[in-house]
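Hi,

Here is the structure I promised to pass on. Have a look at it first, and then read my notes below.

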Amino acid sequence: MDEGRELSLTIAQIVQRLKGSHLHSQIERQAKECLHQPEVKLDSLKEDVRSFLRTSGWEKKLQNAVYRELHVQLLPSHPIAPPEHLKEPLAYMRKAQASWEKRVLKSLNSMSTELGVPLARKRPAVEQKELSSKWNEMGTDEPDLSHFRPVYAPKDFLEVLISLRNPNHDSSEDVSARSHWGLIQVPLNVRDIPQLRQAYSELNLTTGQMGIEDHAHIHPDLFENEYVQIGKKVVTEQDSAAAQQYSRQGCPTGLRADLWALILNSTNQLQDVMHYEQLTAGVIQHDMLVDNLIYKDVKLTASNDDYYFVFEDFLYQVLLCFSRDTAVLEHFKYNSATPPRSYIQGKVGNEECAVVYPPNGVIPFHGFSMYAPLCFLYNEPSKLYSVFREMYIRHFFRLHSISSSPSGIVSLCLQFEQLLQTHLPQLFYHLRQIGAQPLRIAFKWMVRAFSGYLSTDQLLLLWDRILGYDSLEVVAVLAAAVFAFRAENLMEVTSLASAEAVLADLSTLKVMPLIQIFLFATAI
């Protein structure tokens, strides 16, 4: 498809999507109202209305909305490409994802049958009243969750990724035999260090960064003061593209909440607050089996975490509301996954009685609650919720679905292994020989984007770069950098258990120096 036609198709898609939005009706209303103003003349109507929208800030809001659509929507494909190609172009990936979904749904249905717990039920009035009264202190509740088990854990998912094979690829053709070193055996195109250096040029050793205490050419206080002033201008301008570019060098603590919301175009207007309140009402009215999985996951992970336990109530609120949010279903247009469907009781097999379950189409797994450490940034639940949802539908869904996307978990695993194998071959070979495949250790970090493993300030600095570069690649780079940093100790270990012990505590690591040194000081 030629560039002009592709651009026209992109514009048409964005216009179509924005036409039904709240922003469209707001701009339309403002344009009509400005017609009564004396400076708007009939002979220059079009220009005068445009000028009004520009000076009143509506043009900037429209630009941010378009910028968001460009980041979340699919690239225009060939006009006759089937719809499933928009979700995932490789047939074997689609097949593997569908098979995994069946397995997960079967596990959920089996749990429902074994425990005699319905997938969903309306709460009695007394129970609704009780939940409503303790909505802000759900962490104090201690329900018996001993019979509930996570539907799956990251290690189960890893086994599925390890078994992936491209039926059209003959691995014997690979003369170097290097592909056999790692666990991921699919031929995907991932970037090496020279390509990463080019893509992440703002992270080089001579550019000032938030999260680096000693800058080579500038006093840290001077850099930070000047950088904060620029950040304030970016927030004042309310420009999503500028905020994203700024975030590549890290966000100052006091500006991060505003910058992230701006990058994600999460406005938290009245309709967003109302939407959140409707979701809250939905949680209070109906009880779902997945609620128990959310409760259990928060208890097993965040409640035991030194950084997150104080936000336990917030986590319950956000995750329970998230499970009811049908707006999340929109992201399945570009997600290789398909929302799971269940049947109304007594109507199994009748497609007319099939419903998406849970309503957002996402079955939580062990560690899912660690995607929501945004509690550190937002104390207003509706704001926290809208930013979390946007983070999920832009980035985090890719960490637990099988796809060929460069930011997908399969590509990240392959990239991690290739970086390690290419630049630390002795270490990779040693670990492989003692039965401690590096990916078996690093996978749990990557599937959570390091949440729960790094200290909070370091995690937020890492996520600044995920948002700044609109990519999860930096997660694979950090995983390889951690192994490089601990290489000397790892060369001494003789088992998987001892290798895991060396890498058990990442809470003292400084993210940005590790990434910078690995990317820009490694010999190539």
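This is a predicted model: local features need pLDDT of at least 70, side-chain atom pairs count only at pLDDT 80 or more; totals for chains, interfaces and linings use all residues.

I'll start with Phe 483, which touches Phe 416, Leu 420, Leu 427, Leu 431, Pro 438, Ile 441, Ala 442, Trp 445, Leu 490 and Leu 503, leaving aside residues up to four places away in sequence. Touching, or contact, means heavy atoms within 4.5 Å. Phe 483 and Trp 445 touch the most other members of the largest nonpolar core, which has 154 residues. Helix α21 (residues 473-485) gives the most to this core, with 10 residues. Apart from it lies another core, of five residues, including Leu 18, Leu 23, Ile 27 and Ala 65. A nonpolar core here is a set of buried Ala, Val, Leu, Ile, Met, Phe, Trp, Tyr and Cys residues joined through side-chain atoms within 4.5 Å. Buried means under 20% relative accessible area, exposed over 50%, and partly exposed in between (1.4 Å probe, protein chains only).

Residues are numbered from 1 along each chain as its sequence is written, and side-chain values use heavy atoms, with hydrogens and water left out.

Now the overall picture. The protein has 24 helices and four strands; these are DSSP runs numbered from the N terminus (helices H or I, at least four residues; strands E, at least two). Of its 524 residues, 52% count as buried. Among contacts with a separation of 6 or more, 77% are between residues 24 or more positions apart.

Back to α21, where Phe 485 also sits. Phe 485 counts as exposed because its relative accessibility is 51%. Leaving out residues up to four places away in sequence, Phe 485 touches Leu 509 and Leu 514. Phe 485 and Leu 509 are 24 residues apart in sequence, and their C-alpha atoms are 9.6 Å apart in space.

Next, a helix pair. Helix α8 (residues 154-162) packs against helix α19 (residues 438-447) at an angle of about 115°, with the axes 10 Å apart. (Axes are lines fitted to C-alpha atoms, for helices over the stretch in contact, and angles run from 0 to 180 degrees between N-to-C directions.) On the α8 side the contact is made by Pro 154, Phe 157, Leu 158, Glu 159, Leu 161 and Ile 162, and on the α19 side by Leu 439, Arg 440, Phe 443 and Val 447.

How does the length of α13 work out? At 1.5 Å a residue, the 16 residues of α13 (residues 270-285) should span 22 Å, and the end C-alpha atoms are 23 Å apart, which agrees. (The expected span is 1.5 Å times one less than the number of residues.) Tyr 276, Leu 279, Thr 280, Gly 282, Val 283 and Ile 284 of α13 are buried. Their cover includes α7 (125-133), β2 (286-288), α15 (312-324) and α16 (381-394).

Most residues other than glycine have a negative phi, and most peptide bonds are trans. Asn 268, in the loop between α12 (256-263) and α13, has a positive phi of about 50°. Asn 268 counts as buried, at 13% relative accessibility. Asp 470 also has a positive phi of about 50°; its place is in the loop between α20 (456-469) and α21. Asp 470 is partly exposed, with a relative accessible area of 27%. The peptide bond from Tyr 357 to Pro 358 is cis, with omega near -10°, and Pro 358 lies in the loop between β4 (354-356) and α16.

Cheers
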